[in-house]
Amino acid sequence: MAKRKNNKKSALFPVIIILIIAAVYAANRFGIFDKLKDESSATAGTDGELTVHFIDVGQGDCSLILSGDTAILIDTGEKENGESICSYLKENNVPDIDCLLLTHPHSDHMGAASYVIDNTDVKQIVIPKVTDDLTPTTKFYEKFLKSVQAKNLKITAAKPGMKIDAGAGELEIISPVKDYKDMNNYSAAAILTHGDNSFLFTGDIEKKAEKDILKEGSLKDIDVLKVPHHGSSSSCSDDFLDTVQPDYAVIMCDGKSYGHPHEETVNKLSEYTDKIYRTDMDGNIIMDSVEDGITVTTEK
């Protein structure tokens with residue numbers, strides 16, 4: 001009897017193997033393994049390409065994040081930059097914008113927002129909600145609201161902890177953390193993470209907002225710092241730079257207006273890195289996030 005029982009087990013063994021192979025085939029056939037692989041790669045490293053374009057818009061901000069089919073535009077510069085921004089998108093084969101993040105309602109950061117919305121398919125708009133007394137009544141802001149309404153879009157309030165899909169990366173909003181009396185400190189700062197590489201977009205945050213963000217514990221070592229407020233001396237406090245420890249710094253300015261960047265700020269940045277780029281000197285600055293770090297290409 002014992003011999004017959006062992007023979008029965010031997011006969012069942014090939015059947016079990018066949019069933020296992022069939023199950024594995026079915027899992028691959030219906031994408032279950034692909035889904036698991038995709039989910040793990042999102043946190044495992046730089047498994048997809050990601051590029052950040054710091055677009056030269058003079059005395060203003062405009063950054064473009066591209067990864068696969070995903071495009072995020074951060075700020076738009078002044079109203080006269082609208083046509084050149086849309087041309088830049090076309091040149092880089094960007095048919096639509098998944099998220100338009102406007103750091104704060106100043107014209108040098110969102111003056112061309114209405115033009116971009118009118119001439120591009122924008123899927124999501126994120127902007128900080130400011131107090132009633134700070135809500136702009138300017139023409140550029142009114143045009144922005146009309147463009148939003150005409151396209152039947154909704155505005156999402158930027159809040160700390162909000163995460164935005166950036167293709168192979170992720171963009172997380174870290175400010176504003178409280179109400180302020182001035183618009184610059186209302187800027188929606190955000191950290192872009194792609195594998196081991198990180199970028200910090202800061203809008204025009206000044207030392208007050210920097211201090212509040214530090215208290216929240218949102219900041220860490222950053223590879224690339226988009227320098228706050230065009231390199232003004234009102235930003236880049238010692239504690240802020242000591243925490244961020246940037247390997248690269250990008251200053252977006254025209255080199256003429258308001259004395260930006262201030263010499264004091266440039267000198268402080270040089271204590272942390274010798275890789276300081278400026279749109280007034282370098283033109284468009286393109287940074288590719290790769291597995292072993294950041295590669296930089298400049299227009300000039």
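Visitor: Which residue just after α3 takes a positive phi?
Guide: That is N93, with a phi of about 55°. Keep in mind that this is a predicted model, so every value here is computed from it.

Visitor: Okay, back to α3 itself. Which of its residues are buried?
Guide: Helix α3 covers residues 82-91, and G82, I85, C86, Y88 and L89 are buried in it. Looking down the axis of α3, you would find these buried residues within an arc of 155°, so they line one face of the helix.

Visitor: And what does the face turned away from the buried side carry?
Guide: The exposed residues E83, K90 and E91.

Visitor: What do the buried ones pack against?
Guide: Quite a list! The buried residues of α3 pack against the strands β1 (50-54), β2 (63-67), β3 (70-74), β4 (96-97) and β16 (285-290), and also against helix α5 (113-119).

Visitor: New topic: sheets. In what order do the strands of the open sheet of 7 come?
Guide: The order is β9-β10-β11-β12-β13-β14-β15, and the pairing is mixed. The strands at the edges are β9 (163-166) and β15 (276-278); each has a single partner strand, so one side of each is left without a neighbour in the sheet. From one strand to the next, the twist averages 20°.

Visitor: What holds strands together in general, by the way?
Guide: Strands of a sheet pair through backbone hydrogen bonds, and they can be parallel or antiparallel.

Visitor: How do β12 and β13 run, parallel or antiparallel?
Guide: Parallel: 2 bridges join β12 (residues 197-201) to β13 (residues 224-226). To find a spot on screen, look for L200, which stands opposite L225 in β13.

Visitor: Let's zoom out. How many helices and strands does the chain have?
Guide: There are 10 helices and 17 strands. Of the 300 residues in the chain, 49% are buried. The accessible surface comes to about 15500 Å², and 49% of that belongs to carbon and sulfur atoms.

Visitor: What about contacts across the sequence?
Guide: Taking contacts between residues at least 6 apart in sequence, 65% join residues at least 24 apart.

Visitor: Last one: what is the mean pLDDT of the chain?
Guide: The mean is 87, and 84% of the residues reach 70 or more. Over residues 1-46, though, the pLDDT is below 50, and that stretch has 12 contacts in the model beyond near neighbours in sequence.

Methods:
Residues are numbered from 1 along each chain as its sequence is written. This is a predicted model: local features need pLDDT of at least 70, side-chain atom pairs count only at pLDDT 80 or more; totals for chains, interfaces and linings use all residues. Side-chain values use heavy atoms; hydrogens and water are left out. Two strands pair if DSSP finds at least two bridges between them. Helices (H or I, at least four residues) and strands (E, at least two) are DSSP runs, numbered from the N terminus. Axes are lines fitted to C-alpha atoms, for helices over the stretch in contact, and angles run from 0 to 180 degrees between N-to-C directions. pLDDT is the predictor's confidence in each residue, from 0 to 100. Contact means heavy atoms within 4.5 Å. Buried means under 20% relative accessible area, exposed over 50%, partly exposed in between (1.4 Å probe, protein chains only). The arc is that of the directions from the helix axis to the C-beta atoms. Accessible areas come from the Shrake-Rupley method with a 1.4 Å probe; for residues, only the protein chains shown count as cover.
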